[in-house]
Amino acid sequence: MPDLLLELFSEEIPARMQEAAAKDLERLIVGALSDRGLMFDGAKAFSGPRRLALSVLGLPAKQPDVSEEKKGPRIGAPEKAIEGFLRSAGVTLDQCEKRNDGKGEFYVAVIARKGRATADVLAEVLPDVFAKLPWPKSMRFPGSIVRWVRPLHSILCTFDGEVVPFEFAGVKSGNTTLGHRFLSRGPIEVRRFEDYEEKLRKAHVILDTAERKEIILHEVKQKAFALGLELIEDEGLLNEVAGLAEWPIVLIGRIEDQFMDVPPEILQTSMRTHQKYFALRDPKTGKLANRFALVSNMVADDGGKEIVAGNERVLRARLSDAKFFWDQDRKRTLESRVDDLKNIVFHAKLGTQYERVERIEALAGEIAAKIGADVEKSRRAAHLCKADLTTGVVGEFPELQGVMGRYYALHDGEDAEVADAIRDHYKPQGPGDVVPASKVSIAVALADKLDQLVGFFGIDEKPTGSSDPYAIRRAALGLIRTVLERNLRISILRGEHARSLYSRVAKSIQDVRNRALLDPNRELIRNVSDQVGSERMAIALTQQLDPDATATKFLNNVSGLGVFIADRLKVALREKGTRHDLIDAVFSLGDEDDLVRLVARVEALQGFLKTEDGTNLLAGYKRAVNIVKAEEKKDGFEYAGLPETPTNAPLEEHDLATALQKIDSDIGLLINAEKFVEAMKLLAGLRKPVDAFFEKVRVNDEDKNIRANRLMLLSRLRATLHLVADFSKIEG
Amino acid sequence: MARTFQDLILTLQNFWAKQGCLILQPYDMEMGAGTFHPATTLRALGPRPWRAAYVQPSRRPKDGRYGENPNRLQHYYQYQVILKPAPADVLDIYLESIRAIGIDPARHDIRFVEDDWESPTLGAWGLGWEVWCDGMEITQFTYFQQVGGIDCDPVSAEITYGLERLAMYVQGVEFVYDLAFNDKFRYGEVFHQSEVEFSTYDFERADTELLKHHFEDAEKECAALLDGRKLALPAYDQCIKASHAFNLLDARGVISVTERASYIGRVRTLAKACCEAWLASPMGDYQPRFG
């Protein structure tokens, strides 16, 4: 069976886009082929600095023939209608069949469609597919009316070894490509995938990204090992450099000794972000080594000597800059920098970083008192936690925020725990990161995240769909993980600390608004006056805005935070296999935002529902609720209240009544004492009387009173179970 | 091989002259980058073909380091090439220019690393790369997509060489002031004092009230020149003036974050209006000379 080989050859494609583009290309072409009845054995896409390629194996030489039926008008329908039908179907009347659908006879056109040659279909389809390829950023270029990521130079497309002729972006398809930019000369002619990959290799191009990565990783490790060092693994960097070289060659360079007393994080970040070098370490001490690994794209005739020397020179300049900032930064204390935060806007509606720090500081103190952390140290750490944003190093490398704060704090002679908290209050910075460990760090971390959540919810900047520009989801998840993993007994949204946080955030928003009205550069006024066409009118209008309306709006916005956190909790617990419906069942009781307690309750419930007693009781509950609901609807009356079981009632009715009565008082006590497993055991005791009741007792007795009593009994069963969780939310 | 700083410039001048470029002279105004030269900003617009190359002194008040930093300067030279429309083999031509300077791609590691260019003050952006030589950025390469908020059609290629950096690389020098300007003079003899004095001016002495007035005067004049019978080129000069006044104010640290955005927006408004006026002028529009 014939194969398809395709390559789009362009100027250098940004490394970060290559793999996604190859996947998209494969997805779009596979979809287009399947849509046209062209099945195949396999497809594989490739990407590199200058090319996207796709190999599709085992395609048919032509599309299958298909016959298509089209229902027409009834026999004897007006001539115009029949004519119109024949025209649209492209058939004559005697080519139509007559059929009967039971209601009468009508015409059916049977159109036989011959399958077209696959090559013809490809020539037609491929340009459309290319035009649909979703580049994150694309450009126009001379000679083309469609956009591509960078100017497109050639398209190689063969089917069964022959060129599939078409044109895209002003480029005609053919059977040639080019090799490495500097290590290969002249066009390479290709017929099939096998000679494509081999010829490229001879032309110093490794086609497969996975193979390039393997080569890089292997080479770096080996060269490090030869020096008694090891690689500090960096997946993101590996992906990037694999997209920057068609023929990766690893070289080792040296970091000058004068830089080795600069914090290793600065060295590593500078090497990574500016130069894309791998850092190495000494396996014995774990310390950063004075060597780095660079990945070049060149086999130089001097063995890379000049390349290494050049790179070392660049790094020296880079590190001199970094060292300059590091020395400069330590000339001022963090404390003296706090005031500078007034010049850094955190968010246009939430005020400056200084205002944020004021809020975090107060909140961290309150949380510290609750979780048994040192209040003074927590407040101190919070006070200093954003001051490093004004330093040169963090200005240059924003990802070092916190890390640098810790270094500067230690340099200033701050308490070690305070310094650690400055670094760790950003934790966890992603699913792979650990949550803060010390109590002081925890207090500041929680305050930071809560302030962020309440702030952004307060101004209605909630994440929507895939858009989460302020990383609100990450903050919520970090908060949840910290609370659960550190087993913190704290009410997140309802405690007194939360109430004072709300009022502080609301005040900041109000302050910002007031400032906007007074500021000579007032943006609000300018925006409004752009709309109404007069500045005087704009000022009048803005001043009329009711401040209370802002407060109401704030509270309204923030009220969505509880559900948001519950949703995040579901995501957080999904991996552990915790059922989301059970989280809902407990959460919707409405007064629980102590996450540790909530999760303990959910877990006990989940354990219970796995037992036979649990499943049966749930079934009994559902049956009871259905009956009560149906009868209440019929009677227009709610069966609540204490049932009074008459002495002559059946034994099973008595048993259930007694069981419920007994459980009712005990279960409340157990839940208050957070003995959820024991509470579930009590519930298990209900299963037998419930089953027996449904087996032996008819609820809808003719006697009105007996019926009412039984309905109340079932209603009470529901109420009792709802002390544990809202069972109606439980699925299955 | 360009042994000295001025050799480097002469080599590039000769190289690009052979590529059919007009060898223009620096624009006689203070500007942050060669892109601001009307030969790039304005000529990148409209259908008329254009090829030009020139040295442009670039002033970045904020980058002043009192002559103490090994490679940061508040005044340095860019070599700017603009090719419109961008030729299909423009990268090959560029690599030829690198060879001409004395960098042999067979001994070095030349890479095109994604770096999209944007100038918020000019309302301009494009896609391209920074060109790396052994890990050092030696050129900025951009395919212009928009200038003054207007689509560039046809698309131009802009090549910007940082001359000092390039010379430092070619000469193997680590401190910019050690560069051989010619056989007799070092770069420091020519420019060190000026770096010290201008850094002092940029950060300490520039009269900010006066600068604010300069900004507003230029803004006013620019708008006036675009009112009635439009004078695109003189108006654009005023836009350049406003932009430099803003850069000085920024270096003096008297502009807050919100003000900053607002100043940039005001320059952009001027730049856009100039670009539109240019397009409506005889040279902006394409008028074939024959037939």
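**How the terms apply to this predicted model**

The domain assignment divides chain A into domain 1 (4–62 + 117–202), domain 2 (66–113), domain 3 (209–329), domain 4 (335–564) and domain 5 (611–729), with bounds that come from an automatic or database domain assignment. This is a predicted model, where local features need pLDDT of at least 70, side-chain atom pairs count only at pLDDT 80 or more, and totals for chains, interfaces and linings use all residues. Residues are numbered from 1 along each chain as its sequence is written, while chains are lettered from A and ligands numbered from 1 in the order in which they are written.

User: What makes strand β16 (residues 288–296) of chain A largely enclosed by the rest of the structure?

Analyst: A residue is buried if 20 or more other C-beta atoms lie within 10 Å of its own, exposed if 12 or fewer, and partly exposed in between, with C-beta atoms placed from the backbone. Seven of the nine residues of β16(A) are buried, so the strand is largely enclosed. Strands here are DSSP runs of E with at least two residues, and helices are runs of H or I with at least four, numbered from the N terminus.

User: How do you know that strand β14 (residues 249–254) of chain A pairs with β16(A)?

Analyst: Pairing needs at least two bridges found by DSSP, and six bridges join these antiparallel strands. A:L251 stands opposite A:L294 in β16(A).

User: And what joins strand β15 (residues 278–281) of chain A to β16(A)?

Analyst: Three bridges do, and the strands run antiparallel. A:F278 has A:A293 as its bridge partner in β16(A). Their hairpin has six residues between the strands, and there A:G286 takes a positive phi near 75°.

User: Which residues of α5(A) are buried, and why are they said to be on the same side?

Analyst: They are A:R212, A:I216, A:V220 and A:A224. They cover an arc of only 85° around the axis, which puts them on the same side of α5(A); the arc is that of the directions from the helix axis to the C-beta atoms. An α-helix has 3.6 residues a turn, so residues three or four places apart point the same way. On the other side of α5(A), A:A210, A:H218, A:Q222, A:F225 and A:A226 are exposed.
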